[in-house]
Amino acid sequence: MSTPHNNANIGNIAQTVLMPGDPLRAKFIAENYLDNAVCYNDVRGMLGFTGYYKNKKISVQGSGMGIPSIAIYSYELYKEYGVDNIIRIGTAGAISDSVNLRDIVIAMSASTNSAFANQYNLPGTYAPTASWNLLSNAVKIAGKNNVPYHVGNVLSSDTFYDDSDSLALWKKMNVLAIEMESAALYMNAARLGKNALCILTVSDCPFRGLSTTPQERQNSFRSMMEIALDTAVCTNI
Ligand code: HPA
């Protein structure tokens, strides 16, 4: 069996999947953290691997950038491949003054300017939310690993280059950081009765005109990956 975007067979993919945006990050995790990793997908270069971390079967797969892309890949993983847990690991821009370059942001909820929720025809505003089991484990692990982290609301934006200067408005609502995928992942998980969490590392501060070097991104990516991998190990769902 396969889908239009994934040529894995049923059983090739673990119940828990880590999803970086960049498929080469998925390859990096497979090569540096997983034992006996096998590549299960190469359609459109959106690489996916399954291997073992601390004896637990785990998959890692790229999601691509933006809500439509992560929505396709996560929907197929949940619906067609029986995946129960997806942990997104990605980068974000700081919005709140309390969030600094290289900090980790664990997205308890994800506001959005996307129309993704329109498909559900809800008579109000839906609040995309992380799964408590994954969230509480990730927060415990981040605390133990002694890394600077924040837990709160992020903005999943449809625009990276934005003409509207709207970030200040989101800042007034105490949104911590901006990225482009979490809200759709949380909505897919909710709709399909599955679990999701997004863990982000701050790669830039739009208000302060700061950004990380590629080397700094690599190092802070490792702290985030380790939180995500240990969260995957302690989930029994
Ligand atoms: N905007 C949107 N997505 C991002 C950013 C940003 O500034 N930084 C990392 N992902």
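This is a predicted model: local features need pLDDT of at least 70, side-chain atom pairs count only at pLDDT 80 or more; totals for chains, interfaces and linings use all residues.
A few notes on reading the model: residues are numbered from 1 along each chain as its sequence is written, and side-chain values use heavy atoms, with hydrogens and water left out. Local features need pLDDT of at least 70 and side-chain atom pairs count only at pLDDT 80 or more, while totals for chains, interfaces and linings use all residues.

Now to the polar contacts, meaning pairs of N or O atoms within 3.5 Å. A polar side-chain atom of D204 lies 2.7 Å from a nitrogen atom of the ligand. A polar backbone atom of G93 is 3.3 Å from a ligand nitrogen atom.

Strands here are DSSP runs of E with at least two residues, and helices are runs of H or I with at least four, numbered from the N terminus.

The space taken by the ligand is the largest pocket, a molecule being placed in a pocket if more than half of its atoms lie within 2 Å of its grid points. A pocket is an open set of points on a 1 Å grid over the protein atoms alone, where a 1.4 Å probe fits, with protein on both sides within 12 Å along at least five of seven lines; lining residues have an atom within 4 Å of a point. Volume is the space filled by probe spheres set on the points, which are joined across faces, edges and corners.

| Pocket | Volume | Lining by type |
|---|---|---|
| Largest pocket | About 800 Å³ | 15 nonpolar, 10 polar, 8 charged |
| Second largest pocket | About 250 Å³ | 7 nonpolar, 7 polar, no charged |

Strand 5 also gives the most to the lining of the largest pocket, with 6 residues. In the second largest pocket, strand 6 (residues 104-112) gives the most, with 3 residues.

Notes:
Ala, Val, Leu, Ile, Met, Phe, Trp, Tyr, Cys and Pro count as nonpolar, Asp, Glu, Lys and Arg as charged, and the others, Gly among them, as polar. A polar contact is a pair of N or O atoms within 3.5 Å; within protein, one must be able to donate a hydrogen and the other to accept it, and residues adjacent in sequence count only if both atoms are side-chain atoms.
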